[in-house]
Amino acid sequence: MIARTWHGWAPHATAGDYERHYETAVSEHLRDVPGFCGARLLRRTDGADVEFTSIVYFADMASVHAFAGDDPSRAVVEPAARRALTRWDERVDHHEVAVMLD
């Protein structure tokens, strides 16, 4: 299993907008990707902003390619997310999941 991690920052005023976007549009898109295995959106206060960490689980790198395209390290940041966020990682990290506890 592969964990794809990414960070984005939003002012407190639009942080809720980003969460709603993740719960609706991102969720809908991910559920259509073969090999999607789940996702988590983490949130923490970072001074005047809210930092979000997205962790998306895929069965394998072929599934990541199905989501991200030819360059799997490129961040996928839709226009609605760009409107809510002030900055974001342009690149993402991929890790093999060694242990997963539920």
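This is a predicted model: local features need pLDDT of at least 70, side-chain atom pairs count only at pLDDT 80 or more; totals for chains, interfaces and linings use all residues.
Trainee: Which residues have the most contacts inside the largest nonpolar core?

Mentor: In soluble globular proteins, nonpolar side chains tend to be buried together. In this model the largest such core has 23 residues. Those with the most contacts inside this core are W6, Y18, F52, F58 and L85.

Trainee: Which element gives the most to this core?

Mentor: At least two residues each come from β1 (2-11), α1 (12-31), β3 (49-58), α2 (61-68) and α3 (79-84). The top contributor gives five residues, and that element is α1.

Trainee: What is F58 in contact with, leaving aside its neighbours within four places in sequence?

Mentor: F58 is among the core residues with the most contacts inside the core. Its range, β3, is 49-58. With neighbours within four places set aside, the contacts of F58 are M1, I2, R4, L30, V33, G35, F36, C37, S63, V64 and F67.

Trainee: How many of the residues of β1 are buried?

Mentor: Strand β1 spans 2-11 and supplies at least two residues of the core. The strand is mostly covered, and of its ten residues the buried ones number eight.

Trainee: Which residue in β4 does G8 stand opposite?

Mentor: β1 also pairs with β4 in the antiparallel sense, over two bridges. On this side, G8 stands opposite W88.

Trainee: What is the bridge partner of R4 in β5?

Mentor: Strand β5 comprises residues 93-96, and four bridges join β1 to β5 in an antiparallel arrangement. The partner of R4 there is H94.

Trainee: What covers the buried residues of α1?

Mentor: The buried residues of this helix are T14, A15, Y18, H21, Y22, V26, S27 and L30. Their cover includes β1, β2, β3, α2 and α3.

Trainee: Is H21 buried or exposed?

Mentor: H21 is found in helix α1. Apart from neighbours within four places in sequence, H21 is in contact with V26, E78, A80 and A81. Buried means under 20% relative accessible area. H21 has 8% relative accessibility, so H21 counts as buried.

Trainee: How far apart are N and O in the salt bridge of D17 and R20?

Mentor: Side chains of opposite charge can pair when their charged atoms come close. D17 and R20 are three residues apart in helix α1, which means that about one helical turn separates them. D17 is partly exposed at 38% relative accessible area, and R20 is partly exposed at 48%. Their N to O distance is 2.6 Å.

Trainee: Which residue forms a salt bridge with R43?

Mentor: R43 is in strand β2 (residues 36-46), and its partner is in helix α1, 24 residues apart from R43. R43 is partly exposed at 45% relative accessibility. The closest N and O atoms are 2.2 Å apart, and the partner is E19.

Trainee: Why does the salt bridge of D49 and R87 tie together parts that are apart in sequence, and how many residues apart are they?

Mentor: The side chains of D49 and R87 meet at 3.1 Å, N to O. D49 is buried at 16% relative accessibility, whereas R87 is partly exposed at 40%. D49 lies in strand β3 and R87 in strand β4 (residues 87-88), so the pair ties together parts whose separation in sequence is 38 residues.

Trainee: How many salt bridges are there by this rule?

Mentor: Among them are the pair of D17 and R20 and the pair of D49 and R87. By this rule the total is five.

Trainee: What distance separates the C-alpha atoms of T45 and A66?

Mentor: T45 is in strand β2 and is exposed, at 54% relative accessible area. T45 and A66 are 21 residues apart along the chain, and their C-alpha atoms are separated by 32 Å.

Note on methods
Residues are numbered from 1 along each chain as its sequence is written. Side-chain values use heavy atoms; hydrogens and water are left out. A nonpolar core is a set of buried Ala, Val, Leu, Ile, Met, Phe, Trp, Tyr and Cys residues joined through side-chain atoms within 4.5 Å. Buried means under 20% relative accessible area, exposed over 50%, partly exposed in between (1.4 Å probe, protein chains only). Contact means heavy atoms within 4.5 Å. A salt bridge is a side-chain nitrogen of Lys or Arg within 4 Å of a carboxyl oxygen of Asp or Glu. Two strands pair if DSSP finds at least two bridges between them.
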